[in-house]
Amino acid sequence: MAKDRIESKYFCVSPGIELHYLEKGEGRPLVFIPGLTFSGEIFKAQLEYFSGNYRVIAIDPRGQGLSAKTVDGNDYMTHGRDLAALMDGLGLDGAVLVGWSTGNLEVWSYIRQFGKEKLRGAVTIDMSPLPLSADPRWWTEGTMEELSEVATQYLTSPEGSRAFFSDYATGVMIQHEMEPAELEYLLDISGRTPYWVCKALFCDAIFSNFLETAREVGAGMPSLMFIAEHWADVARPFVEQQLPGYEIQVMGGHLMFYEYPEKWNGLLEEFLNRLP
């Protein structure tokens, strides 16, 4: 395996279904899982930084990036099984999983179905394990009315999907005012996921409930949650009360590791250095 460059690879997780992933470095595995519609490419700064000490892998989940696009399996329980097949096939024992946004659901899905035995730790970035709740005190992705509008008015065409992610990128993901080229770059990554896959995953995410699994993670293994600044007043108390055992770091926007890689990488490195 080349040590000096990021390699682009594929692995067959089930008959006819290949996942694409990026890999660099050697050592204990560090596995990055992107959020809705994004690919492992969004973790390029982390691949470069951590590959000096770790075998760093950033995956494109099913339906996203360069991975297989299928009419079935666009749900987070299937994504958890895909992740397990990839980890088994690549021999990724002793891994730390790092999920971003809906990638958190893949982390919790994997642990719900396959346990914690092959993991050293879990890092989750800025998404609740219960994305929808009628309780206004809880950390959610929005109201039922807001989320319904996204699913039924935006994620029904390529144009609508791009419009939604454009608004989300400028309003929630990134704190600085982006130049058009940077926004186009993010939308190009997102746009590799067909709108119909995006809609299926979005709806499955919103109705997911990994709260008990997330609690088990906090109680049973080293775990860290990054929270964006814009909703820390709700999200931090939620994690402190509902997910005891998680370390908490508050910084940046939803795409904090991309926008502030030096600070974010340093905080993750501090967590990794404390692991047994």
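Since the model is predicted, local features need pLDDT of at least 70 and side-chain atom pairs count only at pLDDT 80 or more, while totals for chains, interfaces and linings use all residues. Residues are numbered from 1 along each chain as its sequence is written, and side-chain values use heavy atoms, with hydrogens and water left out.

Salt bridges come first. Side chains of opposite charge can pair when their charged atoms come close. With a salt bridge taken as a side-chain nitrogen of Lys or Arg within 4 Å of a carboxyl oxygen of Asp or Glu, a search of the whole structure turns up 12 of them. One of these joins the side chains of K24 and E48, at 2.5 Å from N to O. K24 sits in strand β2 (residues 17-24) and E48 in helix α1, so this pair ties together parts that are 24 residues apart in sequence. Helices (H or I, at least four residues) and strands (E, at least two) are DSSP runs here, numbered from the N terminus. K24 counts as buried, at 9% relative accessibility, whereas E48 is partly exposed at 41%. For these labels, buried means under 20% relative accessible area, exposed means over 50%, and partly exposed is in between (1.4 Å probe, protein chains only).

E240 has a relative accessible area of 45% and R236 one of 35%, so both partners come out as partly exposed.

R5 and E7 also pair up through their side chains, with an N to O distance of 3.7 Å. Here R5 is partly exposed, at 47% relative accessible area, but E7 is buried, at 11%.

T37 is a separate story. It is found in the loop between β3 (28-33) and α1 (44-50), and T37 is buried, with a relative accessible area of 1%. Its side chain makes a polar contact of 2.7 Å with that of S190; such a contact is a pair of N or O atoms within 3.5 Å, where, within protein, one must be able to donate a hydrogen and the other to accept it, and residues adjacent in sequence count only if both atoms are side-chain atoms. Leaving aside neighbours within four places in sequence, T37 is in contact (heavy atoms within 4.5 Å) with Q64, F165, I189, S190, T193 and C198.
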